[in-house]
Amino acid sequence: MIRKEAVKIIAKSVGNSPIVSANGFMSRDLFEVHDKKSNFYMIGSMGLASSIGLGLALKNPKKQIFIFDGDGNILMNLGSLVTIGSLQPKNLVHIVFDNNSHESTGSQPTNSSIINLEKIAKDAHYTTFTIKSKIKLNLILKKIQKIQGPIFLLIKISTSKERSKRVLWKPKTIRDRVMESI
Amino acid sequence: MNEKIQRELFHYLNKNKIKNFIGVPDSTLKHFIDECIKNKNIIITTREEEALGIATGTTLSKSPTLVFMQNAGFANSISTITSLVQLYEIPIILLIGWRGYLPDDAPEHIKIGKIQPELLKIIGLKSKIITENNWKQNSDWALKQIKEKKPCALIVRRMFHD
């Protein structure tokens, strides 16, 4: 499964729930497959999608908040797992699309192939799942509707030559769309 | 800034609709931070950038937020301030403890303390130094800035040694 396929399956399945997507190809894929007002496309500030998602989750307890993160991104902000795990937001779903690489900058390797991110998340008191196929992904997406967060999905994806277009919204417009929709 | 004013500052901002206090502890601001803890209104993060990220989420939810940090952490946060807070114009108040204000502060603070005012200026983050005399007036200025959707900073000088 490539990232864009996984992003499409999840984005369609979560309906109107807000999504914070990491910078680079992650936000571009989400923009192309399922643009909506409550998507916060992070274009700079690498590593911070999980923290922005935490802020949204704490203030919107009735909404399920999704974070579309990458392995390179979460490795830059591992401390956020400790903060999220300590605060235990029930409505936070943290998804890491793991291709063991910094694909957006030319597929340089990350160390997520050596150190298991799911284990770290489990130690930080998330409920965790590792997903390697579309069948399991669909199954887990149903399951997480009934369980309490924080939930961590580690989705193993393969790198791909497929490229989505850049996010066309201006940053201030992204801000205003999210603020209006929340 | 003395203990009494630091504690009053928390209540003044809180009464004026600052709902969230997030950051990394700093000894210059310790009484302010202690007041946040006493009032159970604080998230202590692992790094300053993380605090700015969480504050972005709370601010997008229309819940006004202050982020506190030492100026060492401000230096850590330059990229997050320019590529998130300023780029998206997220109205957050930064409260920054200024180490290295005194020229004989500990050696690790000297260089960053010296360039602190220039750093703020060069990235275009509007700021005011708050003292025991002007803190209310400058807090009002900061509250007005975020009402106009502009991020800004309040600076507390470190006037003592320990």
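Okay, let's start with chain B, which has 7 helices and 6 strands. Keep in mind that what we're looking at is a predicted model. If you walk along chain B from the N terminus, the elements go α-β-α-β-α-β-α-α-β-α-β-α-β. And the radius of gyration of chain B comes out at 14 Å, close to the 15 Å that the globule rule gives for 162 residues, so this chain is as compact as a globular protein of that length.

For the outline, picture the C-alpha atoms of chain B in a box of roughly 45 × 35 × 30 Å along the principal axes. Of the 162 residues in chain B, 48% are buried. Then the contacts: take the ones in chain B between residues at least 6 apart in sequence, and 75% of those join residues at least 24 apart.

Now over to chain A, and a pair of helices there. Two packed helices are described by the angle between their axes and the distance between the axes. Here the pair is α3 of chain A, residues 49-59, and α5 of chain A, residues 79-87. They pack at an angle of about 15 degrees, with the axes 10 Å apart. That angle is under 35 degrees, so α3(A) and α5(A) count as roughly parallel to each other. Their crossing is left-handed.

So who touches whom? On the α3(A) side we have S50(A), S51(A), L54(A) and L58(A), and they meet S80(A), T83(A), I84(A) and L87(A) in α5(A). Sort the residues of that contact and you get 4 nonpolar, 4 polar and no charged.

Notes:
Residues numbered from 1 in each chain as written. Chains lettered and ligands numbered in written order. Predicted model: local features only at pLDDT ≥ 70, side-chain atom pairs only at ≥ 80, totals over all residues. Helix = DSSP H or I, 4+ residues; strand = E, 2+ residues; numbered from the N terminus. Rg over C-alpha atoms; globule rule 2.2 N^0.38 Å. Buried ≥ 20, exposed ≤ 12 C-beta atoms within 10 Å, placed from the backbone. Contact = placed C-beta atoms within 7 Å. Axes fitted to C-alpha atoms, helices over the stretch in contact; angles between N-to-C directions. Parallel < 35°, antiparallel > 145°, perpendicular 65-115°, else oblique. Left-handed = near helix turned anticlockwise from the far one by under 90°. Nonpolar A, V, L, I, M, F, W, Y, C, P; charged D, E, K, R; others polar.
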